[in-house]
Structure formats: structure tokens, C-alpha cells
Amino acid sequence: MKKLFLLSLLLLTGCAQQTLRGTGDLGVVVERADGRLAIVDNSRRAILGSVEGLGDLSHASAVFARDGRYAYVFGRDGGITKVDLLARRIDRRVIQAGNSIGGAISQDGRIVVAQNYEPGGIKAFDAETLELLADIPSSYGNEGRRSKVVGLADLPGNKFAFALFDAGEIWIADLSDVRQPKLTKFRNIGNQPYDGLVTPDGRYYLAGLFGEDGVALLDLWRPELGVKRILAAYGRGEEKLPVFKMPHLRGWAVAGRRAYLPAVGRHEVLVVDTETWQEVARIPVKGQPVFVIARPDARQIWVNFAFPDNGWVQVIDTLDNKLLETLAPGKAVLHLEFTPKGEQVWISARDDNRVLIYDTQTLKPLAELPAASPSGIFFSSRAARIGF
Amino acid sequence: MRILLLGLTLSFCLSAAAQQPTAARQRELIRLVRQDCGSCHGMTLKGGLGSPLLPENLRDKPADSLVAVVLQGRPGTPMSAWKSILEENEAQWIIAELIKGFPQE
């Protein structure tokens, strides 16, 4: 009897020790065809378990609670699923729109915002309960039409910036009093903004334009100056290639005083000086860039490409803007995510059903993990970054 | 004029009689539509940045013009021309399957 007691005590202690851990090195890999997340540990390079029942995860993305315990996953079906990374289960799930494209979390961590295609607009939710706090339709023009919303980014002051694809507008929603959102609208910013990003310091919002050449730039410290057009002369008179996949601007592509941006319909990465907002270089690459992402120390830029060049990943050295390496990690590379300090990068190869992990110093693979049609990879360190 | 009409009829018959893609190619096309078209139209094809491609959205539209959209793209929208990737008979097969209800992978 005494032995049994000791044994159970031992078991109990064992369990307690297992549950007591931090989440700073955890993350999720979206297994998009199965509506499932793999919960991963980027210190041990391991899959800890999986969480099912997240619905249609095509084009899914995730943001993190500021304590790093929960991931909020935004699915195509309009679902927001709050996933407990430690318990590895769904904490809450709401369907808030017909067709959604992503989300962001406020500076104070209390508000989760979804950006929606259908019905167009953004919605704000209580981060704890997922209760609806504000509904902001993206109505434009005089006929009550609603635009698809793209490029949602969180800003200092519990504000959010986003762009209206159909309307060609940038809006800032001030949710510091979430029950009474204050909107600032910038009209005629350019044709078909397709995505947006905020610089790591939270100062500038950039929206890439699909319908014309150039990028719309808003200085959030001086919004009264309005939206400026940069890179407007880029590619003038040149024929664009067919674009088989929209580039993404989310993810920081700002390295030092330079921003690295995907060129639309061209096999190039554009380099812009963020002091003057002039183009300083164009780097020829393997295909049409989709993600152009800076390693956290900003020494390297990693780029993946649209179909049919989506088997390649290229690495650019930011010291001289030259290509450092061309990698072939696998078939259909959809996304890359750096560990918090950037010593590894995790790469999803959808059609190989695996995630590749590379050492960013040696540029050699370190490990691979099995995953079913993996798409987005999101680490909890995003919790501490402006813009997500 | 008559010759032109005859020519048009002939080319229509020819394209209608175009070969179906092989079974292996059909599998590739299903993956292409679900995964790559799916990045804009959604993997379930219910729409996203691109229009929905479910049978009820396409049934009333002439198949020929849908095939033309796939091959030539739609100017003024992000829908690009896929003619460098797809043969005409492949685009025809995709449209026919979309109208019926597209196969799962």
C-alpha cells in the first residue's frame, strides 16, 4: 500500500513537472488541408502534438496572446480559433464572417481583430472570451458596397491599419475605446492594394498596389501629411509577367534603414531606403517573390516564390544586397518563420508534406518534421512584435 | 463568308473533340486547382480574393468564355493568364469539372 502511494505520488509529480513549462519557444504549423495545427517546440525541433477541428485553413494565419499561451488562428471560413498551446486543445472558437483572411492583436493584448473579405470589414473581439466588441464594415462609395479588407496591422495606441482592396483606401481604426472606434480614412491611395505592413518601429504603414506600380506609404507619426506614393516609376513601360500568386507583405522585411519588398509580376526584390523612400537597388531572383523576410538580426533576407518557382528559396546578404545562396528545400514552399533570435528558419514544403529546419549561419538543413500539406508556420515570439 | 463559318465550325468541332488530359495529368490538375488556384479562390473554391468557383456560380456562364478567362486572364483583376501553364484541353477539362463540382484530391 505504502509503495503504491509512493508510486502514485511520483507519477503525480511527474505530471506536474511536465505541465510546468514556458511557451516562448512554442509555435504552430498549419496543416491546411486537414483543418489541423501541429504544436511545435523550436528548441527541441519537435512536434509536441496536434489540435484538430479548426475548419477551412486555406490561407490561415495566427497571432499570439501576449502571455504566449494562446494562438488565435484565423481561417478562410471566418473562424477564429483560440488554441491553448500548453493544453494543446481548442479553448474557444467562433465563426465571425463568411470569408476571412487574417487578423491581428492589439498593443495591450486585449483585442483580437479579424480582417474579412465577406462581408467586407474588420471585427474586434475580446481576446479572452472572443465576445464581439466592434464591427466596422468597409463600406465605400455611395452605393453601400463593402470592400475586401487586406493588410491588417496592429499599431501603437491600440490602433489598427488596413487597406480596402476594392476601394483603394487605407483606414486607421483607433480602438483605444473599443466600443466607440474612431476611423481615419485615406482615399485614392492607389489601385487595388493587395497587402500591407507596418515597419518594426510602428511608424510607417505600407500598402503594396496590385492594380498599378508602386507602394502607398503613410507616416503614422504625421498622418496629417497623408498617403504618399513610392516606387511609382518602378517598371514603367515594362510588361508584367502573369502573377500566379499574390505576394505577401506581412512579416518584417525591414533591415536596418532598408526595406525589402517583393516586385509584383517581376523576378525581383526591390530595396528601398526608409529615410528617403527612394529605390536603391533591385535584386534579380529566381521567380516572383511571395514572402521577403528579414532574419531578426537583419543580416539576411530570405525569399520564397510563386508557382511555378515555388521549390526554391533564396538568401540575400544585406551587406551588399547580393545573393548568398539558392536552396531547394522541397516542393511547394509556402512559408518561412525564423526562431526568435534567428539561428534557425523553419520552411514549409507543402507537396513534400514536411517542414524543413535550416541553420541560418551554415545555410544547411538541420532537421525535418512530418506535416500534412503544411502552410503557415507561426512562433509565439510574434506576441511581442508590433504589426501582428 | 461561308468558308469563314465553315472554318469556325471546324475549329469548334476540333476543340470540342480535343483529347482529355491523361489520368496522371488530371491528378496534377486537381492539385493545381485545389492548391494554387485555391490561394485566391479558396481550397474549397468558395472564393477569396478571387470569385467563387462552385457549380452554382459557374453553371449559367458559357463554358467557352470561362475557358478563355483561365487561359487569357481577366484584365483589371488579379486573375492572370494561365496559358503558359495549361493547354487548351486542360483548361476545358478544368472548367467542365468545376461546373460539375470539382473533384477532391
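Reply: Here's a walk through the interface between the chains.

First, some housekeeping: this is a predicted model, so local features need pLDDT of at least 70 and side-chain atom pairs count only at pLDDT 80 or more, while totals for chains, interfaces and linings use all residues. Residues are numbered from 1 along each chain as its sequence is written, chains are lettered from A and ligands numbered from 1 in the order in which they are written, and side-chain values use heavy atoms, with hydrogens and water left out.

On to the contact itself. Chain A puts 25 residues in contact with 22 residues of chain B, where contact means heavy atoms within 4.5 Å. Together the chains bury about 1900 Å², and 55% of that is on carbon and sulfur atoms; buried area is the accessible area (1.4 Å probe) that two parts lose on being put together, summed over both.

Now the charges. There are two salt bridges between chain A and chain B, each being a side-chain nitrogen of Lys or Arg within 4 Å of a carboxyl oxygen of Asp or Glu. Arg350(A) and Asp36(B) form a salt bridge, with 3.9 Å between the closest N and O atoms.

As for what chain A brings, its side touching chain B has 10 nonpolar, seven polar and eight charged residues. In that tally Ala, Val, Leu, Ile, Met, Phe, Trp, Tyr, Cys and Pro are nonpolar, Asp, Glu, Lys and Arg are charged, and the others, Gly among them, are polar.

Finally, eight residue pairs are in polar contact across the two chains, both residues at pLDDT 80 or more. A polar contact is a pair of N or O atoms within 3.5 Å; within protein, one must be able to donate a hydrogen and the other to accept it, and residues adjacent in sequence count only if both atoms are side-chain atoms.
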